[in-house]
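Subject: Structure handover, salt bridges

Hello,

Here is the structure for your files. My notes on its salt bridges follow below.

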Amino acid sequence: MKSFSALTVIAAIAGLAGASSISGIDVSAYQPNINWNSVRGNGVSFAYIKATEGVSYVNPTFKSQWNGAVKNGIIRGAYHFAHPNSGPGDAQARYFVSQGGGWKNDSQTLPGALDIEYNPAKGGNACYGLSQASMVKWIHDFSHQYYSLAGRTPVIYTTTDWWKTCTGNTADFTDHDLWIAHHSSTVGPIPAGWTFALFWQYAEKGSNPGDQDYFAGTLDDLTTFASGNY
């Protein structure tokens, strides 16, 4: 993971939200009719939009959300909800990119994010039936394939508890940027190896549609991150 200013890092470690962080959201088909102009006016500078799940699901509102965000000056990126039990990591990365999850250096597109967390299926195995070693390999396979297709390493979205449970708290991915989900007033503990979370999902609802997020930096930092020149 590369870093920005010392102030950004300190703010991220401290879990601060304010002058040193900017607001964003992440959305999916559960928010089909977003007024992006209003969202922008309400302080949102970036959005992550669900593109795909596994190897068969595409968010039916992805294109309209993607275009609506950028037309209203919101920097946006796509995310993929991982189903490690429904296909190998490299296959899911290819599917993600083929359905709009890639990246281009236009200062408006964030690198794709891998959303990997507890299995949401009722009665499903929390770690999708994979051992910790197999899960680490699955993530490596996804990341390597995504990088080969998109030219950026994916952002990793997860919770610290899931990461400890299902990867054994591996420190293999500290060259990836971390997006932590922790619905609280502070970022809280983060997985092994990382020193801070670049993105923080701090609430599942708020004054804007979808989940509520912060980026640990300034708007200039975010634009630099989107461009890959950091």
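Does Lys50 count as buried or exposed? Lys50 counts as buried, because its relative accessibility is 9% (buried means under 20% relative accessible area, exposed over 50%, and partly exposed in between, with a 1.4 Å probe and protein chains only).

Before the rest, the conventions. This is a predicted model, in which local features need pLDDT of at least 70 and side-chain atom pairs count only at pLDDT 80 or more, while totals for chains, interfaces and linings use all residues. Residues are numbered from 1 along each chain as its sequence is written, and side-chain values use heavy atoms, with hydrogens and water left out.

Searching the whole structure gives three salt bridges (a side-chain nitrogen of Lys or Arg within 4 Å of a carboxyl oxygen of Asp or Glu).

- Lys50 and Glu53: their side chains form a salt bridge at 2.5 Å, N to O.
- Arg94 and Asp90: the N to O distance in this salt bridge is 3.8 Å. The two are four residues apart in helix H4 (residues 89-101), so about one helical turn separates them. Helices here are DSSP runs of H or I with at least four residues, numbered from the N terminus. Arg94 is partly exposed at 39% relative accessibility, and Asp90 is partly exposed at 27%.
- Lys137 and Asp141: a salt bridge joins these side chains at 2.8 Å, N to O. Both residues belong to helix H5 (residues 132-150), where they sit four residues apart, about one turn of the helix. Asp141 has a relative accessible area of 23% and is partly exposed.

Regards
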